[in-house]
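Please read these points with the model open beside you. Take them in order and find each residue as it comes up.

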Amino acid sequence: MKKLILTLLCLFIFVEINAQSNNEIAGVYIKRASESLKNLNIEVAKEHFDKAMKYLDSVNTPEIARLGTFIHFELRKYSEAKKFCNYYFELKKNNKSEEYAEMLTLSVDINEKFDDELAEKKRIEQERILKEKETRKIDSLKAIWMKKSDLLSINVDSIYKFNSQNVAIFKNTDFFGLINDLGEIIVKADKYKDVLVFDGYFIFKNKVDEPTELFCYNSSVNNGFLLPSVSDFNTLSTHFGQVMLPRGSGRLVTYPNNTNETFVFDLIAKKVVRISNTEEVLNSLKKSDFIDKFNKEGEVKIGKDWYHFGGHLGGGIHPIYSKEGYNLVGFLCSIDGRFLITNSYFDFIGAFHNNSAQAILGNQVFWVNQNGTKMNAAIDEAENYQGITKLSKLPNKSYQLLRDGMIILGDEKLEKMSDFLRNNSGR
């Protein structure tokens, strides 16, 4: 028992000495804080005051409470100033002193500033909540816009220029199709691997070389149809061979295999075109000395050799084939009798229209007149688009059609994102 009492007494003495030491250290910092406050070094005063508080268990004198109140008030820390001001009124017994009256006045200012600060914090918080709600709403509207924008996107590899009839070819993977300037698919890109475009006509080919199927779309009348099988033209032919550009006259020329006659097709009347008065034509050529002889089998003699007369391309240009086999050997121009030998002049000549015809020699393309003289390239009669739709390629490689500031696809429309957000956010 004596041992326990002795231990408690030692502990009490230690605590008392330690408390006295802490109070003394705190007193030094309180003095420094007070001096700094008088010199208006408020931040320094706060540092000293905080150090003093580390050595004190509590605010135990009105002087310390008063000092803490002034320091925090000057630093506009009204919540702390209010706390120390309350300590002051709890510790100060004499409420008649001038100091008490001064602190009372200061407490009113502190409370007003504290209430203003609370109101401002509340306003800022309400503004933050409102902005957060608005941000969530904007994000939601953006997501809605993006989803609809995706639905109005055209996911193809390429869309080419629209022509004067408001249609354009497009390509997806290895196939070509046709689309109008509203984004409506006219010909699907799932069958034709090549397409020839000129004068408002689109000739789709199932193969790049030696196609066996041709589909024509006439954009001037918005009509498409499949050309008859090449075997209907000639039972021995298995493909259309070289296909030339369609012309504004509605004529299409191709060079099928296993035949000694050029395939000339009227894309308007939708029928094969052949010379109805072959004998009269050949007789006229003979009278002009452009051929030496001809017979009832449609064979003509030019110089020492006999050939097969292969039809009429327009403009008095006649393809000439070898008598034996199915080789195209040249073109006879009835305007002046020139005989344009293949491999030397041109391999193929297309339909004559508007004073010109397309001609091919190897990989080169030319335009020629009625006697095979090269000339400037013919102008595509349906080349210039007059509509208001604009084509836009997106970063994800898809396309959108824009008209009057709206994204369009068929009957569907979507305003720009900025307009959509403004019109739907309630602002």
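1. Start with Glu-99. This residue is partly exposed, at 26% relative accessibility. The term has cut-offs: buried means under 20% relative accessible area, exposed means over 50%, and partly exposed lies in between (1.4 Å probe, protein chains only). Glu-99 meets Lys-92 in a salt bridge, 3.5 Å from N to O. A salt bridge here is a side-chain nitrogen of Lys or Arg within 4 Å of a carboxyl oxygen of Asp or Glu.

2. Keep the source in mind. This is a predicted model, in which local features need pLDDT of at least 70 and side-chain atom pairs count only at pLDDT 80 or more, while totals for chains, interfaces and linings use all residues. Residues are numbered from 1 along each chain as its sequence is written, and side-chain values use heavy atoms, with hydrogens and water left out.

3. Check the confidence next. pLDDT is the predictor's confidence in each residue, from 0 to 100. The chain averages 92, and 95% of the residues score at least 70. Which stretch stays under 50? Residues 4-19 do, and the model gives them 0 contacts beyond four places in sequence. Contact means heavy atoms within 4.5 Å.

4. The whole structure has 17 of them. Side chains of opposite charge can pair when their charged atoms come close. Asp-419 pairs with Arg-422, with the closest N and O atoms 2.5 Å apart. Both residues lie in helix H8 (residues 417-424), 3 residues apart, about one turn of the helix. Arg-422 is partly exposed, at 47% relative accessibility. Elsewhere, salt bridges that share partners join Arg-66, Lys-92, Glu-99 and Glu-102 into one network.

5. Look at helix H4 (residues 78-91) too. Glu-80 and Lys-83 both sit in this helix, 3 residues apart. Their side chains form a salt bridge of 3.0 Å, N to O. Glu-80 is partly exposed at 30%, and Lys-83 is partly exposed at 34%. Helices (H or I, at least four residues) and strands (E, at least two) are DSSP runs, numbered from the N terminus.

6. Turn to the strands. Strands of a sheet pair through backbone hydrogen bonds, either parallel or antiparallel. Two strands count as paired if DSSP finds at least two bridges between them.

7. Follow the hairpins. Strands E23 (residues 390-393) and E24 (residues 399-403) run antiparallel, joined by 4 bridges. They leave 5 residues between them, and Lys-397 in the turn has a positive phi of about 80 degrees. E24 also pairs with E25 (residues 406-409) over 3 bridges, again antiparallel. That hairpin has 2 residues between the strands, and Asp-404 takes a positive phi near 55 degrees.

8. Finish with Ser-219. Is this residue buried or exposed? Ser-219 is buried, because its relative accessibility is 1%. Its place is the loop between strand E7 (214-218) and strand E8 (223-226). Beyond four places in sequence, Ser-219 is in contact with residues including Asn-163 and Phe-202.
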